[in-house]
Amino acid sequence: MNRTVLFLGTGDGQLLKVILGENLTSNCPEVIYEIKEETPVFYKLVPHPVKNIYIYLTAGKEVRRIRVANCSKHKSCSECLTATDPHCGWCHPLQRCTFQGDCVRSENLENWLDISSGVKKCPKIQIIRSSKDKTTVTVVGSFSPRHSKCMVKNVDSSRELCQNKSQPNRTCTCSIPTRATYKDVSVVNVMFSFGSWNLSDRFNFTNCSSLKECPACTETGCAWCKSARRCIHPFTACDPSDYERNQEQCPVAVEKTSGGGRPKENKGNRTNQALQVFYIKSIEPQKVSTLGKSNVIVTGANFTRASNITMILKGTSTCDKDVIQVSHVLNDTHMKFSLPSSRKEMKDVCIQFDGGNCSSVGSLSYIALPHCSLIFPATTWISGGQNITMMGRNFDVIDNLIISHELKGNINVSEYCVATYCGFLAPSLKSSKVRTNVTVKLRVQDTYLDCGTLQYREDPRFTGYRVESEVDTELEVKIQKENDNFNISKKDIEITLFHGENGQLNCSFENITRNQDLTTILCKIKGIKTASTIANSSKKVRVKLGNLELYVEQESVPSTWYFLIVLPVLLVVVIFAAVGVTRHKSKELSRKQSQQLELLESELRKEIRDGFAELQMDKLDVVDSFGTVPFLDYKHFALRTFFPESGGFTHIFTEDMHNRDANDKNESLTALDALICNKSFLVTVIHTLEKQKNFSVKDRCLFASFLTIALQTKLVYLTSILEVLTRDLMEQCSNMQPKLMLRRTESVVEKLLTNWMSVCLSGFLRETVGEPFYLLVTTLNQKINKGPVDVITCKALYTLNEDWLLWQVPEFSTVALNVVFEKIPENESADVCRNISVNVLDCDTIGQAKEKIFQAFLSKNGSPYGLQLNEIGLELQVGTRQKELLDIDSSSVILEDGITKLNTIGHYEISNGSTIKVFKKIANFTSDVEYSDDHCHLILPDSEAFQDVQGKRHRGKHKFKVKEMYLTKLLSTKVAIHSVLEKLFRSIWSLPNSRAPFAIKYFFDFLDAQAENKKITDPDVVHIWKTNSLPLRFWVNILKNPQFVFDIKKTPHIDGCLSVIAQAFMDAFSLTEQQLGKEAPTNKLLYAKDIPTYKEEVKSYYKAIRDLPPLSSSEMEEFLTQESKKHENEFNEEVALTEIYKYIVKYFDEILNKLERERGLEEAQKQLLHVKVLFDEKKKCKWM
């Protein structure tokens, strides 16, 4: 079998599969995967290195593993083999189309048919009238007969007509004798059993006599009489006895032609007639979704004169044409077609009248389903009528826009849509509750797509207006309304001022100003003559907001006499009332305070007792076997440490360099490479650059990283440069404070040392420290997720950092769910467990529950589910009903200040043992959800905190919660991870096999030697140098950034916890004794008792390294040479050299002047000038 398979990624997110035959003719391209966001597929598609049934697809920020074929869509053997897909074949034991590896006992080739076998090899049951007195039932095709059984049963009477067993290595056959009683048998079931698999078929003989052609007759199991040319029941006889045994022997019908072989009809004449009579003008719409379209209108002329009208759609040249009959000729100029579904592509359309030539209509585009990215504004008033805008793509194929309300059902809304924009007026929900959420849906054919949520709030409230006139030709009208969350635009509002007897003027909207208490709407009336007269005679203002129409009265200004009379009376009344109320309130307040203090005392006792019990009894089940540690490869580890804040530089170094020709480096870069390998030149350049005022700290770090990449394969030379620069730095620091050396990253050498440590210790990090570090991050995540986590602020009950402590914690309990995962093309493996028990908290949002369910799937099966979180939905199974679970829906609780509370497991009243189904969404409209200040989860707004517990046993509980009650949770988290943390720390400061990593031993000995040379006798100075060069410069960077080492995402909360751990790690290396009091930060107090033990271990570690025998120069050179060879072709050094040259040319004059003043650098000066000439020539040719 010789087939070439092409996988093609498209710019709109499709992965196409094209199969080329032996003569390089292609089949119709098949879409095997489609990215809903329509992001372009990255140009490199990578096949799985071991399993050839997978291919890796990169798009956007994601890499996905895709199956190379969708074999299961072929439902029969003939359909499977006709598809000519070399990856698929028919599996006899499973009786379905599969990959060879998915077929049971596929090593036996007869159990699996590939496309080279041909459709004729498919097993097929045949009923053959072999003679006058019997009918034979057998199986034809390619399979292993071995031992088989066969049986024929009458469906109507359930009586067996025949049963038999095969001879060894022979196929079972069943012979049914011709009997008069069998002629009434109308339907039979035939079953063949081949041990591990069965083959069955049902034959219906009811319509035998109506079949007029031999192939159709024998295909259904009936018998064909050759002489009489008729079809009969297979259990009755022909006379004479002449039967066609099977379909292959049926005579082929030959089309007769009239005299002299001329065709019956002159189609050319008919075509000319068609061209003269029929006329095509246009087709509407010209874009349809991949679901097709049921009412496509074609306009033209003389349609009623044709008796047979068809539309032909032609897409890719190797695909079958779609031939569609007209649905309805509406009149002489309009007709309607119903288009089938198709993949995304452009198709040519032509119309054929009565078999004539096909008249071109133009092109028709099949595009993806609509995608919504934004609804604005997302909040409207209950009376409706506001202009709502939706942004997204492919809106020009929607059929209807629908507002879905839980009580009113689906409401059709008139919309105006173009490709990326849709506008509609919010419908009125006046009879509904004041606060409600509705879902905006798009209907495309019979599919409904969720587009987002629209929140309804009570109508705006206006308090009054005032009219001001600064000039006599213009009036300003200021209307006051209560503050709300509505975004009112100019097209939403219409303002009319009524004055005098019947006068009215339209007021032009200017702006809206929101103040602390009220919102002011400003409008102006221009071009009038008597502005002051109109202002004095104004009566009221009419405000139209969509469907809402309100009349606003003018703000009254009471007279002075009114105040003089009423004010004293009111004052006396208020004083008496205040005295009475104050006395009553003081008694009530005293009673409430007494109750609340008792409650507070009770709560404090309970929390402290619970915290103590948890510290003594709680045990986190640490997962010892967490599967494969997801280490990043060396290239990505190095780039993340070299460029931690400059992500824009990293992609230019990540080209695949393995196929690069080493001799292909251009002349200018080769000359520069040779120049920077001159040690004196390079050191001079670095010192010159560092003296330039505008050579910033960021520039120094970037230059050091570019230099590290350029010299990645010359680590011996790079190490010598590091030595020279470190000695020079010591000379500068010795005059000031030697203890500050290497403490900050303010010079090229300090960043160069960080990079050098990263390169030389990458192997030690991966082999010794990697596993305990990953276990720490995993265990910390486990502990954090064991308790409530607020999804808005990321604060959690269990944490190491007081700043991330969720002390406003509600009551919570664990809920055990039975989760059923839907089978999807991205994860079809037979050995995947799809029924999993998952523990969640009743205070978890639906999004948090999804994450825990995904993690449980990964832990159970050792592989991810195959979809992203935003591509799946959760359904609660309640009997035969299903309810989709969402973070926000129409049932969401809306608090008084308009803040929406996210739905939780408890909100849906999900109990232990409930069944949750995980399904793939039809369309994906949201990426990573980021909730705004208009949402809350566990931390309620202050105004709601007390109301949340009204009517409960612990009334007022939220009111008195204080953070200090929960500080024991920090200790609980520390205890949970303590053994893992100590294992990590000791893996860093221990010496496996009594040997230190080469880089550490070499550099520590180097620092000892320099201290001795400079006659530094204070041992603290050398200790600080070592601490600044290794723990501070390398290990802390790693401990705070696990994403540098592993393919994981670091959350802000994990970052806060790792900062506490990193602080404790550095305190262990400090020589100063910490004097901590009770008021010290908890982050310092948490590990205060452990630090003295760690300090002793660190001192022993430093002493053990110093006591080891020194490395010989040959040993270190051999180590560096081996490391250099490991990293050959990892990076594009040419890019690094180009970036280095940019710095050189920027300060070219200063560098050249320095070279002129230095002795022995005359040759380097000439080489530099030569390099500049080469670069300038390339720049002129625009090669750069």
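This dialogue considers how several features of a predicted model may be read.

Visitor: How is the packing of two helices described?

Guide: Two packed helices are described by the angle between their axes and the distance between those axes. In this predicted model, helix α17 (residues 998-1013) packs with helix α23 (residues 1113-1126) at an angle of about 135°, and their axes are 11 Å apart. That makes α17 oblique to α23.

Visitor: In which hand does α17 pass α23, left or right?

Guide: The crossing of α17 past α23 is left-handed. From α17, the residues that make the contact are Phe998, Ala999 and Tyr1002, and from α23 they are Glu1115, Met1116 and Phe1119. Sorted by class, the contact of α17 with α23 has five nonpolar residues, no polar residues and one charged residue.

Visitor: At what angle do the axes of α18 and α19 cross?

Guide: The axes of helix α18 (residues 1019-1029) and helix α19 (residues 1031-1039) cross at roughly 35° and come within 4 Å. Here Lys1026, Thr1027, Asn1028 and Ser1029 of α18 meet Pro1031, Leu1032 and Arg1033 of α19. The class count for the contact of α18 with α19 is two nonpolar, three polar and two charged residues.

Visitor: Let us turn to strands. In which sense do β39 and β42 pair, parallel or antiparallel?

Guide: Strand β39 (residues 493-499) and strand β42 (residues 538-545) are antiparallel, and seven bridges pair them.

Visitor: How many residues lie between the strands in the hairpin of β42 and β43?

Guide: Two residues lie between the strands of this hairpin, and glycine 546 takes a positive phi near 60° there.

Visitor: How is the order of strands in an open sheet to be read, for instance in the sheet that contains β19?

Guide: The open sheet of four strands has the order β19-β21-β25-β24, and its pairing is antiparallel. The edge strands are β19 (279-284) and β24 (328-329), each of which pairs on one side only. Histidine 328 stands opposite lysine 336 in β25.

Visitor: What is the order of the open sheet of five strands, and why is one side of β20 left without a neighbour?

Guide: The order is β20-β27-β26-β22-β23, and the pairing is mixed. Strands β20 (287-289) and β23 stand at the edges with a single partner strand each, so one side of each has no neighbour in the sheet. Direction ignored, neighbouring strands of this sheet are turned by 30° against each other on average. The pairing of β20 with strand β27 (residues 358-367) is parallel and extends over three bridges. Valine 288 stands opposite tyrosine 366 in β27.

Visitor: How many disulfides does a search of the whole structure find?

Guide: The search finds 13 disulfides. One of them joins cysteine 28 to cysteine 319, with an S to S distance of 1.8 Å. The link of these cysteines is right-handed, with 85° about the S-S bond. Cysteine 28 lies in the loop between β2 (14-20) and β3 (30-34), and cysteine 319 lies in the loop between β22 (309-314) and β23 (322-325), so the pair ties together parts that are 291 residues apart in sequence.

Visitor: What is the value of phi at arginine 229?

Guide: Phi of arginine 229 is near 50°, a positive value in a residue other than glycine. Arginine 229 is located in the loop between β17 (223-225) and β18 (230-232).

How values were computed
Residues numbered from 1 in each chain as written. Predicted model: local features only at pLDDT ≥ 70, side-chain atom pairs only at ≥ 80, totals over all residues. Heavy atoms only, no water. Axes fitted to C-alpha atoms, helices over the stretch in contact; angles between N-to-C directions. Parallel < 35°, antiparallel > 145°, perpendicular 65-115°, else oblique. Left-handed = near helix turned anticlockwise from the far one by under 90°. Contact = heavy atoms within 4.5 Å. Nonpolar A, V, L, I, M, F, W, Y, C, P; charged D, E, K, R; others polar. Pairing = 2+ DSSP bridges. Disulfide = S-S within 2.5 Å.
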